[in-house]
Amino acid sequence: TSPHLEHRASISEPVVTLIAADHSLVRVPSAILMVTLRPLEEADVDHVLTWVNDEEIVGNLASFAGQPFTRDDELAFIRRTLASPSDVVFSVFSSLPEDAGRYLGQVGLHQIHARSRVARLAAVVARKSDWGRGVGSASIRALLAHAFGPMQLHEVWLMVFAANSRGRRTYARLGFVEEGVLREEYFHDGRWHDMVRMSLLDRE
């Protein structure tokens, strides 16, 4: 199923109805209309390279590798992701009239467990100048509309560094609930870090 969404309501409405390519209807906050999600493509490798080696950006990601990625490394990763039945990844672009089409980052659903209808969320805002502007929240809301709409997932969960208070507040505003702390779960920058697992159910 193609994840492209077509707007079918006024942008001024606080809640709008979107129709997916399979003609299913999804009601979502109008704030997501500031972004467009497009399925990941190999051609996105150069977009990803603008942030993937920026430690200030990827240092807050649980999957941070701790070493630079080459273009070949990232292209191989994209190809593996596209071939994976347990990953659905989108590139995010601006839908605002003043900078329509500008690349904003990535969002995705990983570790998809079809039988349980559960997946792990990941999101990256590519430019620090876009932080605090609602780009991440809008992108995640659009992804959740797809997750709980056409994909019919039951739960979306995520992991966030316990020290990442800004990220935890953002996820909480989006409805995610903190389930617990995984003590010293990741080793990064010379020390161990606690991680917080958060989740959102389809009925929430």
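Predicted model: local features only at pLDDT ≥ 70, side-chain atom pairs only at ≥ 80, totals over all residues.
Trainee: Which element gives the most to the largest nonpolar core?

Mentor: The largest nonpolar core has 29 residues, and Leu109, Leu121, Val156, Tyr171 and Phe176 have the most contacts inside it. Elements that give two or more residues to this core include strand S6 (103–113), strand S8 (155–161) and helix H4 (135–148). The one that gives the most, with seven residues, is H4.

Trainee: Leaving aside its neighbours within four places in sequence, which residues is Val156 in contact with?

Mentor: Val156 is one of the residues with the most contacts inside the largest core. Leaving aside neighbours within four places in sequence, its contacts are Leu109, Ala119, Leu121, Leu144, Ala147, Phe148, Phe176, Met198, Ser199 and Leu200.

Trainee: How many residues apart in sequence are the parts that the pair of Phe93 and Tyr103 ties together?

Mentor: Phe93 and Tyr103 are both buried. Their rings form an edge-to-face pair, 5.9 Å centre to centre with 65 degrees between the planes. Phe93 lies in strand S5 and Tyr103 in strand S6, so the parts tied together are apart in sequence by 10 residues.

Trainee: Is Trp192 buried, partly exposed or exposed?

Mentor: Trp192 pairs with Phe187, their ring centres 5.1 Å apart. Buried means under 20% relative accessible area and exposed means over 50%. The relative accessible area of Trp192 is 48%, so this residue is partly exposed.

Trainee: Over the ring of which residue does the charged end of Arg197 sit?

Mentor: The charged end of Arg166 sits over the ring of Trp131, 4.8 Å from its centre. For the charged end of Arg197, the ring centre is 4.4 Å away, and the ring belongs to Trp157.

Notes. Residues numbered from 1 in each chain as written. Heavy atoms only, no water. Core = buried A, V, L, I, M, F, W, Y, C linked by side-chain atoms within 4.5 Å. Buried < 20%, exposed > 50% of the residue type's maximum accessible area, 1.4 Å probe, protein only. Helix = DSSP H or I, 4+ residues; strand = E, 2+ residues; numbered from the N terminus. Contact = heavy atoms within 4.5 Å. Phe/Tyr/Trp six-rings, centres within 6.5 Å; stacked < 30°, edge-to-face > 60°. Lys NZ or Arg CZ within 6 Å of the ring centre and 35° of its normal.
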